[in-house]
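Please read them with the coordinates open.

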Amino acid sequence: MVLTRRRFLKSSAVAATGLALAACVPAEPSVDMPAGTGGDAAMTEITYLIRSDIGVKIQEWTDEAIADFATVEPNITIETIGVPWGDYNAKLLAQYAAGDPPEISANYAAGFPTFYANDAIVALDELVSENNVDLSVIEQAALDAVTRNGKLWALPLAHLPTIVYYNLDALEEAGARVPPIDWADTSWTTDAMLASANAAAKDMDDPTEAQYGMIFGNGQLGVFEWLWGADPFNDVGGPEHTEAYRTGIVTEAFYDSETMNTFIGWVYDAVYGSSPVSPRPSDTDAIQQLVGWPMMSGRIGMAINGAWSVTNFAAVEPSWRWGVGAFPYGPAGVNTSPLFNDSWMLGKGAKEQDAGFRFLQYLAVEKGAELYAKITGFFPAHKENYPIYFDSLMNIPNFALSREDAETALLDAFNYGYVTPGKTLDSYPEWNRTFNQTMGPIWNAEVSVADGLAQVQAQFESVIESKS
């Protein structure tokens, strides 16, 4: 059931109660304005809600973008407010409840679907037209991800597919197949990936020495089920049939379906079956304590993750050769890759919407977007900044692909993807917490797959009922 704006603001007030306000980070000091740039004009201040826990590179980009924007629009000042991911939605709710929403915020922690579903952000089409903003420079899949009912509700800065990372040295030593760059290669299937993982896996009885064939996972809320031709939130087929991805509101779930059981059973067997190829949760935890993302240990043949994980290779500079490849085709004959967009929104009811949009325009299609590509390491949505990203990628040690092959492996993904639930569902952090908590007993081998998924289904039904 979609919340009315009155119910939204009422729930916002509840969320705001007891919320510790994040420290306000002052914007860069405004620069001295050269003569003739409107120094006598009134100053306009806008508020920009940022994440405080996403890493030093995002903070560096934020600082540089704000400083550069001050040279472009010296009469607009920016107050940044930093909060961590887990508090991001709550902080936004509190600001709306207080009648003082920020001009600009991002779709972290399901920001876009939450605020779209509750009529709390501004459709940008008229502003785009009035300001002659050229959206053709932005990847179309990124724009589609934030378009609802024919209207554009945010501007994307990053758009990242889910891909396969691999340790080329480990796969070649085992004589295992290497993931292809060609997303149209239908011979690269989940079974082919499993066979490659079996070839690469060794010493699986000794967690301290094991070379694991792959880490596959279940995707956000189990959406790797897409490869099996189904989706957790409809009983017809893939994600294109799920109304919740268009409205943001979850009204039904199908975690106890035969297809979900088959999919999760396949991943479970890769961990606990007669020929295991994947680490158990305790093994993964031990590796993470040493190196962070387990792929960086050099003990994983292949791992599925979002394209943002390229930044791990840049930071670690592994001594072994590595590459990226296409998502495998599943039993349903599709290789639908979950797409992650990072998009920025204009708050409905914000005091300075014109100035807010001017800053949004700067971030998404002007110098701010260029700085984003240069500094953050995230895959840009702005197509003219692709060369910046690939220049950086080719400078990472032991990357095994040519530039042309790297472009194919990453750019073609957008033709095979669908937006992941974390970027489409209202209250995603709550759904994510419910899913992870109830899936835990399955991955810890405490319950059977069927019994565990029945518990997941019961929990989702309970949350859906509480929201109706």
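In which loop is Ala445 found? Ala445 sits in the loop between helix 17 and helix 18 (449–467), where helices (H or I, at least four residues) and strands (E, at least two) are DSSP runs, numbered from the N terminus.

This is a predicted model, in which local features need pLDDT of at least 70 and side-chain atom pairs count only at pLDDT 80 or more, while totals for chains, interfaces and linings use all residues. Residues are numbered from 1 along each chain as its sequence is written, and side-chain values use heavy atoms, with hydrogens and water left out.

1. Phi of Ala445 is near 60°, a positive value in a residue other than glycine, and at 37% relative accessibility Ala445 counts as partly exposed; here buried means under 20% relative accessible area, exposed over 50% and partly exposed in between (1.4 Å probe, protein chains only). Asn398, found in the loop between helix 15 and helix 16, likewise is not a glycine and has a positive phi of about 65°, and its relative accessibility of 33% makes Asn398 partly exposed.

2. Helix 10 (residues 258–272) and helix 17 (residues 428–443) have axes that come within 11 Å and cross at roughly 50°, the axes being lines fitted to C-alpha atoms, for helices over the stretch in contact, with angles that run from 0 to 180 degrees between N-to-C directions. Helix 10 is therefore oblique to helix 17, given that angles under 35 degrees count as roughly parallel, over 145 as roughly antiparallel, 65 to 115 as roughly perpendicular and the rest as oblique. Ile264, Val267, Tyr268 and Tyr272 in helix 10 meet Met439, Ile442 and Trp443 in helix 17, contact meaning heavy atoms within 4.5 Å. By class, this contact of helix 10 with helix 17 has 7 nonpolar, no polar and no charged residues (Ala, Val, Leu, Ile, Met, Phe, Trp, Tyr, Cys and Pro count as nonpolar, Asp, Glu, Lys and Arg as charged, and the others, Gly among them, as polar).

3. In helix 16 (residues 403–411), Ala406, Ala409 and Leu410 are buried. Seen down the axis of helix 16, these buried residues fall within an arc of 90°, so they line one face of the helix, the arc being that of the directions from the helix axis to the C-beta atoms. The buried residues of helix 16 pack against strand 8 (162–167), strand 11 (322–325) and helix 15 (386–394).

4. Ile163, found in strand 8, is buried, with a relative accessible area of 0%. Leaving aside neighbours within four places in sequence, the contacts of Ile163 include Trp183, Val324, Ala409 and Leu410.

5. Phe224 lies in the loop between strand 9 (212–215) and helix 9 (244–247), yet Phe224 is buried, with a relative accessible area of 6%. The C-alpha atoms of Phe224 and Pro338 are separated by 8.0 Å, although the two residues are 114 residues apart along the chain. Beyond the neighbours within four places in sequence, Phe224 is in contact with several residues, among them Thr162, Phe263, Ile304, Phe327 and Pro338.

6. Gln361, in helix 13 (residues 353–365), is buried, with a relative accessible area of 10%. Not counting residues up to four places away in sequence, Gln361 touches Asn131, Val133 and Glu366.
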